[in-house]
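Hi everyone, thanks for coming. I'd like to walk you through one structure today, so please take a look at the screen.

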Amino acid sequence: MELTYITKEELEGLPQPTQRQLRMEAICHALIRYFEEEEPYIDPALTARSLAQALGTNTNYLAEAIKRVSGTKFHGFVDGYRFNKALKINHDSNGYITSQELCTQSGFRSTTFYRRFREHTGLTPQQFDWGEGEEGEEG
């Protein structure tokens, strides 16, 4: 999808609701593109403030954009990308990767990996069937 940019003068000439809608749409597109291309979620130190700065916006607009594109808040949005990255890493390694390596390479801090994993899936990483993305055998 190609973004169409308008000048600042054109934007200022539009009614206030339209300005906000266009700005929000641009932030949503930039957010998705940034996450898909740059993978900022791999940095465990990523914050809403640093993400907003990278996108050239503020945390209020960022929170609204995240809610629009994912229906969640900042941590849920970031964790979704991290879980998908963990699934890909595990698949690419044919399962020959430790939980610690998986945690680090997907952007989680080790202290939050297990807790967030369980909140997201209802299972521990060991119970999760990484090949199928569903409950596996406890071991």
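Let me start with a question for you: is Gln 127 buried or exposed? Keep in mind that this is a predicted model. Gln 127 sits in the loop between helix 7 (110-121) and strand 1 (128-129). The answer is that Gln 127 is buried, because its relative accessible area is 13%, and the cut-off for buried is under 20%.

Now, on to the nonpolar cores. The largest one has 19 residues, and Leu 31, Phe 35, Leu 51 and Leu 62 have the most contacts inside it. Helix 2 (16-38), helix 3 (48-55), helix 4 (59-70) and helix 5 (74-92) each give two or more residues to this core. The largest share, six residues, comes from helix 2. If you follow Leu 31, leaving aside residues up to four places away in sequence, you find it touching Leu 51, Leu 55, Leu 62, Ala 65, Ile 66, Val 69 and Phe 77. Apart from that core lies another, of eleven residues, including Phe 83, Ile 89, Leu 123 and Phe 128.

Finally, let's turn to helix 3. Its buried residues are Leu 51, Ala 52 and Leu 55. Looking down the axis of helix 3, these fall within an arc of 100°, so they line one face of the helix. The face turned away from that buried side carries Arg 49 and Gln 53, both exposed. And just after helix 3 comes Gly 56, with a positive phi of about 70°.

Thanks, I'm happy to chat about any of this!

Technical notes: Residues numbered from 1 in each chain as written. Predicted model: local features only at pLDDT ≥ 70, side-chain atom pairs only at ≥ 80, totals over all residues. Heavy atoms only, no water. Core = buried A, V, L, I, M, F, W, Y, C linked by side-chain atoms within 4.5 Å. Buried < 20%, exposed > 50% of the residue type's maximum accessible area, 1.4 Å probe, protein only. Helix = DSSP H or I, 4+ residues; strand = E, 2+ residues; numbered from the N terminus. Contact = heavy atoms within 4.5 Å. Arc of directions from axis to C-beta.
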